[in-house]
Amino acid sequence: MTVDETAHIENSTLGDVEIREYVTVHDSEIATGCRVYERTSIKKSNIDGPTDINANAYVENARIGSEVQVGPNAAVVGVTHDRSSEGMTFREDTFETVVLEDGAFVGAGAVVLPGVTVGENGVVGAGVTVTEDVAAGAVVRSDR
């Protein structure tokens, strides 16, 4: 296990993993074989190994399978806020778990929103925001 001295690990369980510079991990379980690259934040998540979470990624309230790749600057966001006619209530989060099944790929700068499942070997292309489930083996990409 290699955890860089600049990483901050709190209330979490780590297998034999590689955690690089300035990573924060809170209230999570990361299995053996995972690599978490620079300046990534992981909160309230379970990650099977081997899996790679690339630099500057944000992962919260997610269940991530094995052999998953999350690209740099991607966000896997399983938290939102309820909205009423008065607006959103400050600091009252609503959690909807994101699931990335085995072999899923989330491209650079992509955003996977609360409650979404990316099926086995599903692909979310770079820069895409996903609001609905992605079927196993499907590819979601921008038409730009």
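In which strand is Ile19 found? Ile19 belongs to strand β4, residues 18-19, where a strand is a DSSP run of type E with at least two residues, numbered from the N terminus. The model is predicted, so local features need pLDDT of at least 70 and side-chain atom pairs count only at pLDDT 80 or more, while totals for chains, interfaces and linings use all residues. Residues are numbered from 1 along each chain as its sequence is written, and side-chain values use heavy atoms, with hydrogens and water left out.

Ile19 is buried, with a relative accessible area of 1%; buried means under 20%, exposed over 50%, and partly exposed in between, for a 1.4 Å probe and protein chains only. Not counting residues up to four places away in sequence, Ile19 touches Thr2, Val3, Asp4, Ala7, Ile9, Leu14, Ile30 and Val36, a contact being heavy atoms within 4.5 Å. Val124 lies 105 residues from Ile19 in sequence and 24 Å from it in space, C-alpha to C-alpha.

Together with Met1 and Ile9, Val3 forms a nonpolar patch on the surface, with about 250 Å² of accessible area.

The largest nonpolar core has 31 residues, and those with the most contacts inside it are Ile30, Ile53, Ile64, Val70, Leu100 and Val118. Such a core is a set of buried Ala, Val, Leu, Ile, Met, Phe, Trp, Tyr and Cys residues joined through side-chain atoms within 4.5 Å. Strands β12 (62-64) and β17 (98-100) each supply at least two residues of this core. Leaving aside neighbours within four places in sequence, Val70 is in contact with Asp52, Ile53, Asn54, Ala57, Val76, Leu100 and Val106.

Seven strands form an open sheet with parallel pairing, in the order β2-β5-β8-β11-β14-β19-β22; two strands pair if DSSP finds at least two bridges between them. At the edges stand β2 (8-10) and β22 (129-130), each with a single partner strand, so one side of each is left without a neighbour in the sheet. Within this order, β11 (residues 58-60) and β14 (residues 75-77) run parallel and are joined by three bridges, and Val59 stands opposite Val76 in β14.

An antiparallel pairing is found between β15 (residues 79-84) and β16 (residues 87-95), over five bridges. A hairpin of two residues joins β15 to β16, and Ser84 has Gly87 in β16 as its bridge partner.

Definitions and conventions
Helices (H or I, at least four residues) and strands (E, at least two) are DSSP runs, numbered from the N terminus. Patches are made of residues with over 30% relative accessible area and no salt bridge: like charges are joined within 9 Å, nonpolar side chains (Val, Leu, Ile, Met, Phe, Trp, Tyr) within 5 Å. Accessible areas come from the Shrake-Rupley method with a 1.4 Å probe; for residues, only the protein chains shown count as cover. A salt bridge is a side-chain nitrogen of Lys or Arg within 4 Å of a carboxyl oxygen of Asp or Glu.
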